[in-house]
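Please open the model in a viewer and keep the selection panel at hand.

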Amino acid sequence: MSARLRVEKAGMLTTVQDLGRPGYEHMGVPPSGAMDPGALRMANGLVGNAPGLAALEFTLLGGALQVLEADCTIAFAGSALLHASATAASPARSLSPWQSHRVPAGATLTIGPLQRGVRGYLAVGGGIAVAPVLGSASTLTRARLGGLEGRALARGDVLATGDGRRRSPRRWLASRDTGWFYRDAPIGVILGPQQDHFAPAEIGRFLGATYRLAPQSDRMGLRLDGPAIAHARGADIITDPIAAGSIQIPGAGQPLIAMNDRQTTGGYPKIATVISADLPRLAQMRPGQPLRFEALDPAQAVQRWRDYTEWVHAREDELRADPNFPIFPLLFP
Amino acid sequence: MTTDAPISCGHAAPRIVAAGDRTLLVEFPDRIDAETNARVLALSHALRGSLRKVRGLQSVVPAYRSLAVGFDPLLIGHDAVCELIGRSLQASAFAPAPAPRRWEVPVCYGGAHGIDLQALADQHGLDPARVIARHTAPVYRVYMVGFLPGFAYLGGLDPALHTPRRAMPRAHTPAGSINIGGQQTAIASVPGPSGWHLIGRTPWRSFDLRHADPFLFEAGDEIVFTPIDEDEFERLAALQDDPARRPQPLPGVGP
């Protein structure tokens with residue numbers, strides 16, 4: 001029997017996410033998926049899952065879940081304090097993120113507020129079990145599809161989990177090198193595809209400015225507060241495709257960065273596109289956090305993507321490496 | 001990065017530009033018309049044929065006058081994708097266009113299903129019946145599917161019905177809305193926010209997850225609207241509860 005999880009505290013925005021549903025953008029379906037896919041992969045690696053199994057994406061505030069019916073293995077990838085208590089009345093025991101824990105049926109697991117970054121991932125042995133939509137468990141709340149009824153989790157929801165290994169080895173990230181997620185460096189962009197809609201001085205203003213992430217940012221897009229960018233010839237283009245990281249400049253001139261739940265097409269000129277390697281870092285930026293941009297050429301961007309991918313894979317390899325980790329006991333034997 | 005495509009095909013060569021490190025954007029002439037869109041869709045068709053054959057090629061997303069090609073830059077380089085686009089442009093220029101499917105879409109105009117019909121008619125100094133007549137006259141073409149799952153953007157709207165978008169978008173509009181925004185008209189597939197004018201609603205479900213292929217319309221399809229009254233709307237909406245009653249294109253047209 002697999003464990004089930006009952007939501008006790010839903011938090012700010014907690015959704016089921018996997019690595020997304022690519023391949024349907026020509027039909028208007030955004031790819032969705034974990035905003036920080038590297039962190040999702042590590043959470044899954046920690047509990048012995050395949051990298052792309054569905055997990056819970058928590059936003060800023062964390063939440064709480066009760067484990068029902070069977071024990072389960074969990075791990076949290078993100079900068080938060082975790083607590084588990086055997087019953088509502090019993091004292092809580094603190095658990096570290098970035099390592100796996102075996103939690104018994106009946107225990108309540110509390111995920112504290114994110115101390116760095118915005119998003120953290122709770123993986124469960126066997127994965128969160130929901131019916132896939134177009135090949136993915138990811139939730140797209142705007143179109144009410146995927147995840148649990150296409151919506152964010154609410155108190156009282158009960159989630160099924162897949163078949164995890166009954167006794168899985170304890171795993172942790174020994175290097176604790178999670179710096180990539182929160183690194184403070186300019187966000188790399190490639191100018192275009194519509195940089196010719198902006199005078200050179202406006203592109204200079206964009207690259208020289210310090211912006212702050214606006215609180216209205218969400219999984220669809222990140223809004224920036226800072227210097228407005230003027231259009232050379234109007235704020236409308238004929239609707240065209242929007243890529244991950246597209247930086248649109250709408251009429252008011254404040255940049256808008258397209259993220260995982262973006263609309264697939266749009267009608268504002270795009271001054272630049274965030275490089276793939278910096279999208280996860282962007283997804284972890286907190287409201288009010290300052291950010292600057294740095295123009296790169298495609299070859300530099302691809303090299304950074306290679307570096308990032310190798311960094312994620314190295315951590316996944318580390319988790320798979322040692323088969324001699326002890327089988328570890330339940331938290332509350 | 002700008003690369004001149006090597007093939008002209010008797011037209012001005014489309015421009016190929018980078019949209020980040022894993023997308024190339026192919027741009028045809030900057031206008032909304034059937035001929036330009038047909039070139040986009042022909043290229044899309046040719047490139048989609050390569051999706052499973054070319055390692056690293058991930059997505060082909062056509063729009064009105066442009067097309068995005070997504071790839072994994074660790075598996076295939078910009079230059080190789082550019083070459084593939086060039087070859088596909090050449091192939092698509094000589095491939096006969098497939099006959100489009102044609103759909104006769106029932107629409108209940110005005111009333112509770114088209115709350116902006118009267119205001120839009122007033123704005124143009126037209127009687128609502130004239131708006132309906134002008135909206136049902138053309139054979140539209142699905143220029144693209146975008147924005148949200150299954151949302152069909154149509155080309156061919158009567159210029160007399162071109163209407164600037166609403167100053168204040170609505171937070172919630174129903175699935176099946178037939179709406180007008182600027183020079184465009186569209187069939188909404190899912191509920192969602194919209195700044196367009198709602199002139200009617202179809203009982204058809206153009207995004208229906210009960211089917212393995214949930215999308216009813218695709219770019220290149222032809223659409224004709226047929227006015228229905230509220231009783232017929234209710235009757236057809238009830239029929240849609242049965243997945244076996246899925247709408248079909250008109251027989252004898254299309255593949």
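Select strand E6 (residues 102-109) of chain B together with strand E13 (residues 197-201) of chain B: the two pair in the antiparallel sense over two bridges. Strands here are DSSP runs of at least two residues and helices (H or I) of at least four, numbered from the N terminus; pairing requires at least two DSSP bridges between two strands. Within E13(B), Arg201(B) stands opposite Cys108(B).

This is a predicted model, in which local features need pLDDT of at least 70 and side-chain atom pairs count only at pLDDT 80 or more, while totals for chains, interfaces and linings use all residues. Residues are numbered from 1 along each chain as its sequence is written, and chains are lettered from A and ligands numbered from 1 in the order in which they are written.

Now colour chain B by domain, with domain 1 at 2-94 and domain 2 at 102-245; the bounds come from an automatic or database domain assignment. Their C-alpha centres are 30 Å apart. Seven residues from domain 1 of chain B and eight from domain 2 of chain B form the contact (C-beta atoms, placed from the backbone, within 7 Å). On the domain 1 side, helix H1 (residues 34-48) of chain B gives the most, with three residues.

Finally, turn to chain A, divided into domain 1 (4-173) and domain 2 (181-310). The contact there takes 18 residues from domain 1 of chain A and 15 residues from domain 2 of chain A.

How values were computed. Two residues are in contact if their C-beta atoms, placed from the backbone, lie within 7 Å.
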